[in-house]
Amino acid sequence: MASPVKLTSMAKAAGCAAKLNPATLDAVLRNLPRQTDPNVLVGFDTNDDAGIYRISESLALVQTVDFFTPIVDDPYLFGQIAAANSLSDVYAMGGRPISSLSIVGFPEKGDPEILEQIIRGGLAKMNEAKCSVIGGHSIRNEDMLFGYAVTGLINPERVWRNVGAKPGDVLLFTKPLGTGVITTALKKDRASAESLAAVVAAMGTLNAAAAAALQELDEKSQAAKPIHAVTDVTGFSLLGHAREMALGDPSNGLQPVSFEIDHAAFSYFPGAVEAAREGHLSGGLKNNRAFIGECATFEPSVPLEYQDLLFDPQTSGGFLVAIAPDYADSALAAFERHGVGGRRIGRVVAKTAPLLRVL
């Protein structure tokens with residue numbers, strides 16, 4: 001359905017670029033008390049993708065919530081992308097989504113047909129993931145919002161966290177970069193049809209296949225556990241999520257490390273480099289750059305537009321994976337078998353200053 005209303009014109013910030021400033025969020029979370037329930041296996045301490053709550057020795061719940069403003073103009077596609085983005089956090093932990101609750105904010109005088117198409121799109125994507133939509137909540141809101149709270153199941157012994165990377169690990173990434181600059185260009189009617197089609201297709205693609213490829217490798221390796229850290233890259237950008245991964249969790253024995261990242265190793269969406277070069281930079285991108293600050297440095301040979309793309313907020317982005325070096329080729333082969341475009345984009349080294357070095 002082609003929307004008679006330009007949905008992206010109704011949002012000050014689109015998709016995951018609408019997230020709170022990471023500096024604000026970090027300052028608030030650092031002041032909160034730590035969890036004391038021993039069944040909370042993963043809480044908010046390391047800004048992980050989802051929470052893990054143990055039910056028994058062999059079963060735990062994966063819980064997450066994600067919603068955002070329109071990132072495309074077609075309401076059905078917006079619903080699909082919001083659903084794929086919400087599901088991604090469960091896949092990134094190694095879980096299987098089973099149920100969800102919708103979250104809706106819609107203008108009081110908005111067109112009900114648009115709302116129906118948004119919900120239909122989300123339901124279609126949830127059906128694709130075999131994740132039941134069992135309810136939800138809606139409010140009147142001038143900024144249109146849509147997303148889901150998703151619950152999944154996982155074996156507590158097979159949880160992937162966003163921390164745990166070790167020196168020597170290889171860094172892999174599974175989707176192109178550039179959703180933020182292209183959707184910002186869309187708001188200004190400067191995005192090409194080719195760029196938009198590529199971005200919409202990627203944002204609407206479930207990370208289920210990437211998770212299945214890693215689980216296949218994980219099961220074959222048995223006790224070796226070669227997958228040391230996984231996160232899905234969304235609003236805080238590739239470098240923002242890399243920073244969280246590199247910081248580790250010293251309170252649980254997961255020490256900080258440093259990353260060396262090759263900007264030329266990534267795949268970028270068609271038109272993304274040009275959009276960055278033309279200055280289609282979201283407020284979220286600028287917030288990410290300010291927050292990460294001196295944690296990241298760039299070699300003089302890295303062009304400014306590529307620096308911007310590594311700070312670019314992604315919506316329904318790919319997996320960033322830290323894996324033992326002996327298993328990197330096997331992981332890339334598994335990605336290929338599952339139709340996922342995995343790439344080797346860097347390596348983990350012992351902690352140095354800066355935390356992230358882009359080559």
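Which residues form a nonpolar patch on the surface, and with about how much accessible area together?

## Surface patch

Val28, Leu32 and Phe44 form this nonpolar patch, and together they have about 230 Å² of accessible area. The model is predicted, so that local features need pLDDT of at least 70 and side-chain atom pairs count only at pLDDT 80 or more, whereas totals for chains, interfaces and linings use all residues. Residues are numbered from 1 along each chain as its sequence is written, and side-chain values use heavy atoms, with hydrogens and water left out.

Patches are built from residues with over 30% relative accessible area and no salt bridge, like charges being joined within 9 Å and nonpolar side chains (Val, Leu, Ile, Met, Phe, Trp, Tyr) within 5 Å; a salt bridge is a side-chain nitrogen of Lys or Arg within 4 Å of a carboxyl oxygen of Asp or Glu. Accessible areas come from the Shrake-Rupley method with a 1.4 Å probe, and for residues only the protein chains shown count as cover. Valine 28 is placed in helix α1, residues 22-30 (helices, H or I with at least four residues, and strands, E with at least two, are DSSP runs numbered from the N terminus). Valine 28 counts as partly exposed because its relative accessibility is 46%, where buried means under 20%, exposed over 50%, and partly exposed in between.

## Strand β3 and its partners

Strand β3, residues 59-68, has a covered face made of Ala60, Val62, Thr64, Asp66 and Phe68, while Leu59, Leu61, Gln63, Val65 and Phe67 make up the uncovered one. Strands pair if DSSP finds at least two bridges between them. Strand β2 (residues 51-56) runs antiparallel to β3 and is joined to it by 5 bridges, with tyrosine 53 having leucine 61 as its bridge partner in β3; a hairpin of 2 residues connects β2 to β3.

Strand β6, residues 145-154, is also antiparallel to β3, and 9 bridges join them. Threonine 64 stands opposite valine 150 of β6, and threonine 64 belongs to the covered face of β3.

Leaving out residues up to four places away in sequence, leucine 238 touches residues including Phe173, Leu177, Ile261, Phe266 and Leu310, contact meaning heavy atoms within 4.5 Å. Phenylalanine 266, in the loop between β9 (257-261) and α8 (272-277), is buried because its relative accessible area is 4%. Although phenylalanine 266 and glycine 342 are 76 residues apart in sequence, their C-alpha atoms are 9.4 Å apart in space.

## Backbone features in loops

The peptide bond from alanine 353 to proline 354 is cis, with omega near 5°, and proline 354 lies in the loop between β12 (343-350) and β13 (356-358).

Asparagine 47, in the loop between β1 (40-42) and β2, has a positive phi near 55° although it is a residue other than glycine, and asparagine 47 is partly exposed, with a relative accessible area of 29%. Lysine 130, which is not a glycine, has a positive phi of about 55°; lysine 130 is in the loop between α3 and β5 (132-140) and is exposed, at 70% relative accessible area.

Methods
Buried < 20%, exposed > 50% of the residue type's maximum accessible area, 1.4 Å probe, protein only.
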